[in-house]
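The paragraphs after it go from the whole fold to two single residues.

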Amino acid sequence: MALSRCPRSLPLLWLLCFLFGQAAALSYDYYASTCPNVEDIVRSAMRGIFVDIRAPAAMIRLAFHDCQVDGCDASILLDQGSDGTAEIESPSNLGIHKLNAIDTVKNQLEAACPQTVSCADIIALAAREAVAQNGGPNIRVPLGRLDGFDASASAATKFLPLATISAAGTIDLFGAMGMTPEESVAILGSHTVGVAHCTNFANRLYPQLDPNLGLVFGASLRARCPRLAPVNLVATLDTTFLRFDNSYFRNVLNNRGLLTADLNLALDPRTRPIVETFANDQDAFFQAFSSAFVKLTSYRVHTGNQGEVRLNCHFTNS
């Protein structure tokens, strides 16, 4: 459905029309005739990249931080936007790294299918592989995103959520992307892989130790993250931080959730039952995460004259 036909007088219906209209622009066979081996090329490239144990979490986080700022358009990769800044410069993007992994895949795809596969699609596929190749579900991802023309550090700061977001805020944030409460909790389960910078949970350590951390876990985190910790110090997000599984939810229920946002899922009566379900049923988590991931990576995609296929992910073509 064209956006011009969406009923703007009814805001909820317009939002649904907008979301589904954008999703409809994507296709599971988008590159069937122009680059039929695109997914195999990405999958093979990512196997080599994931030798670096930090890379899977980096690829998942990259997709999140791209899509949450004006949609999934690879704006996070641009070296400079029209205001002279880049999204990567925002404090909210602290720790975003491994952008060269996307460049590696892009170079391989340009060799196989010149000027065909967008950087935005590569980000979505790389994140999908990060989940699948590290124990998570193998998610079918529709393709056809185009790359955007602009980026801004201030936009990233405005739209990326804080590590202290409430459970209600999480539901609202991802609900705006068309997710159910179950999917909103599931997508936060991506915290089952990777690490968080000490600065993102220092509020739970100083000046007073958050009692919800427990004395032993809290003391271990203080040892890991002293009060004046360097900005690059990190702690693991869960006990199986190299594997995509449902241990995150068990950790959250056992007062081992690292971020305030994690803790809030266990404290809020609307989200705690969902956390308990996922903690006890990994298949339920995987199913909800899969549908949530497709909605996340289909959010406000660019199509038609809204975007382009960049030849270099760091610069627009003109």
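**From the whole chain to two residues**

Over residues 25-317 the chain is 43% helix and 2% strand, and the end C-alpha atoms of this stretch are 22 Å apart. UniProt positions follow the numbering used here, feature names are shortened, and annotations may be inferred rather than shown by experiment.

This is a predicted model: local features need pLDDT of at least 70, side-chain atom pairs count only at pLDDT 80 or more, and totals for chains, interfaces and linings use all residues. Residues are numbered from 1 along each chain as its sequence is written, and side-chain values use heavy atoms, with hydrogens and water left out.

The chain has 13 helices and two strands; these are DSSP runs, numbered from the N terminus, of at least four residues for helices (H or I) and at least two for strands (E). Its radius of gyration is 19 Å, close to the 20 Å that the globule rule gives for 318 residues, so the chain is as compact as a globular protein of that length. Here the radius is taken over C-alpha atoms, and the globule rule is 2.2 Å times the number of residues to the power 0.38. Along the principal axes, the C-alpha atoms fill a box of roughly 55 × 45 × 40 Å.

Of the 318 residues, 53% are buried, where buried means under 20% relative accessible area, exposed over 50%, and partly exposed in between (1.4 Å probe, protein chains only). Among contacts (heavy atoms within 4.5 Å) with a separation of 6 or more, 76% join residues 24 or more positions apart.

Is Lys106 buried or exposed? With a relative accessible area of 2%, Lys106 is buried. Leaving aside neighbours within four places in sequence, Lys106 is in contact with Val117, Cys119, Ile122, Val309, Arg310, Leu311 and Cys313. Arg310 is 204 residues away from Lys106 along the chain, yet their C-alpha atoms are separated by 9.7 Å.

His191 lies in the loop between helix H8 (181-188) and strand E1 (195-197). In the unreviewed UniProt entry, the annotation "binding site" covers His191. His191 counts as buried because its relative accessibility is 17%. Apart from neighbours within four places in sequence, His191 is in contact with Leu237, Asp238, Tyr248, Leu259 and Asp262.
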